[in-house]
Amino acid sequence: MIVTNTEIVPGFRIREVRGLVQGNTVRAKHLGRDIAASLKNLVGGELHGYTELLTESRRQAMERMLAQAQQLGANAVLNVRFTTSSITAGAAELYAYGTAVILEVDRPAAPQAPAYAEIVS
Amino acid sequence: MDGEDIVGVVVGVLGLCSAVTPIFLGVVVGTLIERSHLKRLARREAALQGILVTQLRSFPALASSHLPPRLICAEVVISSDYLRTLFTNTRKIFGGEMRSMTRVADRARREATLRVLEEAQGLGYNAVCNLRYASADLAGNSGKRALMSPIFVYGTAYIAAGPKVSPAAPTKSPFSS
């Protein structure tokens, strides 16, 4: 499945639009990491616990979005965007959304199909 | 001076030390951490030659290859130290630019951008387009202790042709010390 945050994928044409797909997650870290983060706030620098929180949220939200796209029978998700909001201190919601489409190789524009064309077959 | 006075003085000094120590620790260690991070950022930016980074959506300089375009994301959360957190609360009274927070946000942005570009390069791509920045709000209403800058960066990696425009040479940023 092709996933990009652009509206077009060069060499391909949208045959059919399957609709908006989305995935979101709200995660909180556990108390130990929260306390470690407040100690780290003393000296500053990167807060690895919170970074991991955002990374896990992003992975889970993307997984849910791609699962929805697969359910709709799409073979690509275009124009993926992320937005976050704070639920409470130490917890964040990450919302990923994109458009699920069915791509086909664009013959007139690209007389030779891009080498990764089989990914949408 | 009798025993009670001595105990009072000792407790007072210890109390002062325990109040001053975290501040002192924060300033010294925090400044060292910031300086070493800025040096690492400059080094990594210099090592990242030959990658075309744009914020355009139109895949500039696209070349045909076997690698499909791919979404790449990275995030980082950086906080400032205790003393600067205290000073920003003072700054709120008088208004004006919070230089230390500008520096923290700048570091977080540079770090997250470097992570995206290094991941793209590691996967074999040499160009990233449609680079977008988002910030999260992890602090909520937790007040003074939570001055942090969470930055989330994502873009589409692809293969570009021709001579690459390397990212801006790491000149001295106006926000770095």
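Predicted model: local features only at pLDDT ≥ 70, side-chain atom pairs only at ≥ 80, totals over all residues.
Residues are numbered from 1 along each chain as its sequence is written, chains are lettered from A and ligands numbered from 1 in the order in which they are written, and side-chain values use heavy atoms, with hydrogens and water left out.

Let's start with the parts list. Chain A has two helices and five strands, and if you read along the sequence they come as β-β-α-β-α-β-β. The radius of gyration of chain A is 19 Å, well over the 14 Å that the globule rule gives for 121 residues, so chain A is more spread out than a compact globule. (That radius is taken over C-alpha atoms, and the globule rule is 2.2 Å times the number of residues to the power 0.38.) The box filled by the C-alpha atoms, taken along the principal axes, is roughly 60 × 25 × 20 Å. Helices (H or I, at least four residues) and strands (E, at least two) are DSSP runs, numbered from the N terminus.

Now for the sheet. Four strands of chain A line up as β1-β4-β5-β2 in an open sheet with mixed pairing. At its edges sit β1 (2–3) and β2 (12–28) of chain A, each pairing on one side only. Strands pair here if DSSP finds at least two bridges between them. In chain A, β2 and β5 (residues 91–105) run antiparallel, joined by 15 bridges. To pick out one bridge, look at Thr25(A), whose partner in β5(A) is Leu94(A).

What about contacts and burial? Among the contacts in chain A with a separation of 6 or more, 75% are between residues 24 or more positions apart; a contact means heavy atoms within 4.5 Å. Of the 121 residues in chain A, 49% are buried, where buried means under 20% relative accessible area, exposed over 50%, and partly exposed in between (1.4 Å probe, protein chains only).

Finally, hop over to chain B. Ala157(B) belongs to strand β4 (residues 148–158) of that chain, and it counts as buried because its relative accessibility is 0%. Leaving aside residues up to four places away in sequence, Ala157(B) touches several residues, including Pro68(B), Ile72(B), Tyr125(B) and Val128(B). Val53(B) is 104 residues from Ala157(B) along the chain, with 9.2 Å between their C-alpha atoms.
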